Amino acid sequence: MHPENRVTVAAAEPARPAAGGPTASAAALSAALGVTGYLAGEQVARAAFLAVRMGRPLFCEGEPGTGKTALAQALAQVLDAELIRLQCHEGIDASQALYDWDFPRQLLHLRSLEAAAGTGQERLDAGEVEASLYDRRFLLARPILRALQSTPSVLLIDEIDRADDEFEAFLLEVLSENAVTIPELGEVRAVTPPLVVLTSNRTREVHDALKRRCLYLWLDHPDVTREVEILRTRLPGLPERLAEQVAAAVHELRDMELIKPPGVAESLDWARALLLVEATRLDLDSAAATLGAVLKYREDAERALQAMRSFLP
Ligand SMILES: Nc1ncnc2c1ncn2[C@@H]1O[C@H](COP(=O)(O)OP(=O)(O)OP(=O)(O)O)[C@@H](O)[C@H]1O
Ligand SMILES: [Mg+2]
């Protein structure tokens, strides 16, 4: 079925707790994210602020390693909420995302009922037996159900572009309702709807119907100044000069149209590797010794080593 046909009427948007503290303004949220070690630019802070205050999912799209997953983690810390992560993959379905029944335990339960009936201790009524099999204790709550049940929570739906269309349509329903119906148990509705953060590396386009439910944020690689700040925040022992050299070199590499341009994760790994080999500066020797931390294709490494001759001592 086409996802648009499956949209259920959205419940009134839940207003998030009003002003005060880290969600009072985009600037306050940015400062609070900074305390957790996440350095949000103005645009990121504003999008996250609106998502929190409007109670809308935040759809974060961007190149690998631009801080999409880390943003959700930092938001959970700021909101003092449990972070619940649903990692998407090809073929993911509702039973992995929402709930499943613990079949082995149900079977054991059935066996013990049969055994009790066999010894004449209990009489079995088929209806009661069936009902007892679908008891809450046999329910395996998967991330989305857990997020609806825990208050407050941040639900990270990571790498949605890896899932398929049917799964998107299913998500759309859940996000519209902030509730799910388990046929055997009834409706589970979130007391406080989770803050939902979806991420995508844009390996394919996510359907408009899902995007329409969300606030959209494109995350770019940080500029050199911010990347230096991120490096120094995440690695407090990193000398400023080395941080500047790594950030500058990574920016050169990103302009080279490599097979896999380095993200912030690779800059951090590069800096860590340089610290471990006790490099005091980034030069051709220390770069060559640590390049495996930043580039992951032989062709990229060869091209980079060649190009670095022009900008590294
Ligand atoms: N603005 C930032 N402030 C602090 N740390 C950051 C920032 N952006 C990225 N990082 C760090 O860079 C690393 C990579 O970030 P993250 O895993 O969130 O990227 P991603 O966009 O989810 O990548 P992928 O698409 O590969 O999953 C993490 O260690 C994260 O903490
Ligand atoms: Mg990620």
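Guide: Start with Leu268, which sits in helix 12. This is a predicted model. Leu268 has 21 other C-beta atoms within 10 Å, and the cut-off for buried is 20 or more, so Leu268 counts as buried. What does Leu268 touch, leaving out residues up to four places away in sequence? The contacts are Leu231, Arg234 and Leu235. Now look along the chain to Glu302, 34 residues from Leu268. Their C-alpha atoms are 21 Å apart.

Compare that with another pair. Val294 and Lys260 are also separated by 34 residues in sequence. Their C-alpha atoms lie 9.6 Å apart in space. Val294 belongs to the loop that runs between helix 13 (284-290) and helix 14 (298-308). Is Val294 buried or exposed? It counts as buried, because 27 C-beta neighbours fall inside 10 Å. Its contacts beyond four places in sequence are Pro262, Glu266, Asp269 and Trp270.

Next, the loops on either side of helix 12. Glu257 lies in the loop between helix 11 (240-254) and helix 12. Its phi is near 55°, a positive value in a residue that is not glycine. Glu257 has 8 other C-beta atoms within 10 Å, and the limit for exposed is 12 or fewer, so Glu257 is exposed. Glu278 is in the loop between helix 12 and helix 13. Here too phi is positive, about 55°, and the residue is not a glycine. Glu278 is exposed, because its count of other C-beta atoms within 10 Å is 7.

Now bring in the ligand. Helix 12 (264-276) supplies at least two residues of the shell around ligand 1. The shell has 20 residues, and Pro64, Gly67, Lys68, Thr69 and Ala70 come nearest to ligand 1. By class, 9 are nonpolar, 9 are polar and 2 are charged. Which domains give at least three residues each to this shell? They are domain 1 (3-91 + 147-219) and domain 3 (224-308).

Take Val197 as one example. Beyond four places in sequence, Val197 is in contact with Leu58, Cys60, Leu71, Ala72, Leu75, Val154 and Leu156.

Step back to the whole chain. The domain assignment also gives domain 2 (99-137). The centres of domain 1 and domain 2, taken over C-alpha atoms, are 38 Å apart. The peptide bond from Thr151 to Pro152 is cis, with omega near -10°. Pro152 lies in the loop between helix 7 (143-149) and strand 5 (153-158).

Finally, check the confidence. The protein chain has an average pLDDT of 90, and 93% of the residues score at least 70.

Definitions and conventions: Residues are numbered from 1 along each chain as its sequence is written. Chains are lettered from A and ligands numbered from 1 in the order in which they are written. This is a predicted model: local features need pLDDT of at least 70, side-chain atom pairs count only at pLDDT 80 or more; totals for chains, interfaces and linings use all residues. A residue is near a molecule or strand if its C-beta atom, placed from the backbone, lies within 6 Å of it. Helices (H or I, at least four residues) and strands (E, at least two) are DSSP runs, numbered from the N terminus. Ala, Val, Leu, Ile, Met, Phe, Trp, Tyr, Cys and Pro count as nonpolar, Asp, Glu, Lys and Arg as charged, and the others, Gly among them, as polar. Domain bounds come from an automatic or database domain assignment. Two residues are in contact if their C-beta atoms, placed from the backbone, lie within 7 Å. pLDDT is the predictor's confidence in each residue, from 0 to 100.
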